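Me: I've just opened this one and could use a quick tour. Can you walk me through it?
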Number of protein chains: 2
Amino acid sequence: MEDKFVPNIVVGRLPLYLRTLQLMSQEGRRVTSSQELGERLGISAAQIRKDLSQFGEFGKQGTGYNIDFLTDQLRQILCVNRVWDVAIVGIGDVGHALARYQGFSNRGFRIVLLFDNDPQKIGMNVGGFTIQDISDMVAKIKEAGVQIAMLSVPVEHAQQVTNSLLEAGVKAILNYAPINISIPVNVRVQYIDPVLHLQRMTYYLE
Amino acid sequence: MEDKFVPNIVVGRLPLYLRTLQLMSQEGRRVTSSQELGERLGISAAQIRKDLSQFGEFGKQGTGYNIDFLTDQLRQILCVNRVWDVAIVGIGDVGHALARYQGFSNRGFRIVLLFDNDPQKIGMNVGGFTIQDISDMVAKIKEAGVQIAMLSVPVEHAQQVTNSLLEAGVKAILNYAPINISIPVNVRVQYIDPVLHLQRMTYYLE
DNA sequence: AAAATTTGGATCTTTTTGTATCAAATTTGT
DNA sequence: ACAAATTTGATACAAAAAGATCCAAATTTT
């Protein structure tokens, strides 16, 4: 059951389930059903049960799912039942916002390193961390054993900085630069570009 | 050809094509091929040709695609051959970064309104715009005829603010709050939650 | 004790997505 | 001028994903 291939699209829905379950838990809820989850997410109950059943049996007939239990299980499946150290490269407005964001810690992530190439910024404190010289990035990331980076540098430096991250052993990159970056197959990338999302919606307007 | 139904996933790839074409144009390129585009995007050439052929014939055998022509066509298809006014609600770190971002204007969008509920922030200038009282939001958005909003308020206010946006006539929302919001079927939403993206990658790490 | 919920598994169909192939048009090289 | 190479757009085919039931078993509610 554990080493079966799971479609990417299913993996992508799990964090969504997890997020909603954690919200429910904060609301003081104890149990939920695939139907209720589905209504909150706009996904069919059958789909949710099908997704979850790929990993095991987490529910109880007649009752539904124990929220805290299912939360734990999902955290285990997604490997966020631990804390991942994350580096941020490029402390412009976006990097700044990320460095100060309080929502990472309770969902499995912790910012530990900030880098920029601007002498004006190096040494500054943002969100409790000191911005370090990007020249030292490879060594510092290696030393800290950081495997995840968020990339918020200008487009024109994105690939070059990515290469350094790869050299430093980073295995997952969240890329805020509006460009596709080249990476080896054993490294993961996710992209965030607000304009891309906006353009996806304008197609349907009017 | 024009009013045929096009799958959502295809529409989602068009902005990606557009972004890469615009980059190529900036590099001084004149023509490209589905193969080159595919290599830069990690998408098969066949997929790209199939996607484009849903909307018409934009290429030339033996030559490929004229970059500026295809760019224009895609902008037309995506309705970004015009400028869309956008409001930002919630001027915390994220709203701040969005308000100051210079990458919207050349891709079809223009920030025109900022709102927050914090008396300390109201009246402040960010990125050339004055933060306005969220109490006046519905009226101001209606008056300006704004149809697109970016939502960067705390989770606990997301739904309530969304309801106001709907009342104001907003038809597309880019939601940065880590929660699913309820909206009628004729309104579009896109979600951005960095943690969701990170959790999607940790599944594959180790 | 009966009725109502709800899961997890099975099956089946439909839709969607992705891949492969190929003729026709065009460019490039000789 | 002619042959070889490139590239599109269309079609056909294969794979993946989603959706629709259905149902037995377990549990809760009435």
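This is a predicted model: local features need pLDDT of at least 70, side-chain atom pairs count only at pLDDT 80 or more; totals for chains, interfaces and linings use all residues.

Me: OK, and which residues come nearest to DNA strand D?

Reply: Out of 28 residues around DNA strand D, the nearest are Pro7(A), Gln61(A), Gly62(A), Glu57(B) and Gly59(B).

Me: Which element gives the most to that surface near DNA strand D?

Reply: That's helix 3 of chain B, with 6 residues. Other elements supply at least two residues each, among them helix 1 (8-26) of chain A and strand 2 (59-60) of chain B.

Me: Switching topic: how many residues of chain B are in contact with chain A?

Reply: There are 51 from chain B, in contact with 51 residues of chain A. On the chain B side, helix 8 of chain B has the largest share, 9 residues.

Me: What kinds of residues are on that chain B side?

Reply: The side of chain B that touches chain A has 30 nonpolar, 12 polar and 9 charged residues.

Me: I also see a sheet in chain B. What's the strand order?

Reply: The order is 6-7-5-4-8-9-10, in an open sheet of 7 strands with mixed pairing. Its edge strands are strand 6 (125-126) and strand 10 of chain B, each pairing on one side only.

Me: What about strand 4 and strand 8 of chain B, parallel or antiparallel?

Reply: Parallel: strand 4 (residues 84-89) and strand 8 (residues 148-151) of chain B pair over 4 bridges. Ala87(B) stands opposite Ala149(B), which sits in strand 8 of chain B.

Me: Which strands does helix 6 of chain B touch?

Reply: Helix 6 (residues 137-144) of chain B packs on the sheet and touches strand 4, strand 5 (109-116) and strand 7 (129-133) of chain B. The direction of helix 6 makes about 160° with that of strand 5 of chain B.

Terms used
Residues are numbered from 1 along each chain as its sequence is written. Chains are lettered from A and ligands numbered from 1 in the order in which they are written. Two residues are in contact if their C-beta atoms, placed from the backbone, lie within 7 Å. Ala, Val, Leu, Ile, Met, Phe, Trp, Tyr, Cys and Pro count as nonpolar, Asp, Glu, Lys and Arg as charged, and the others, Gly among them, as polar. Two strands pair if DSSP finds at least two bridges between them. Axes are lines fitted to C-alpha atoms, for helices over the stretch in contact, and angles run from 0 to 180 degrees between N-to-C directions. A residue is near a molecule or strand if its C-beta atom, placed from the backbone, lies within 6 Å of it.
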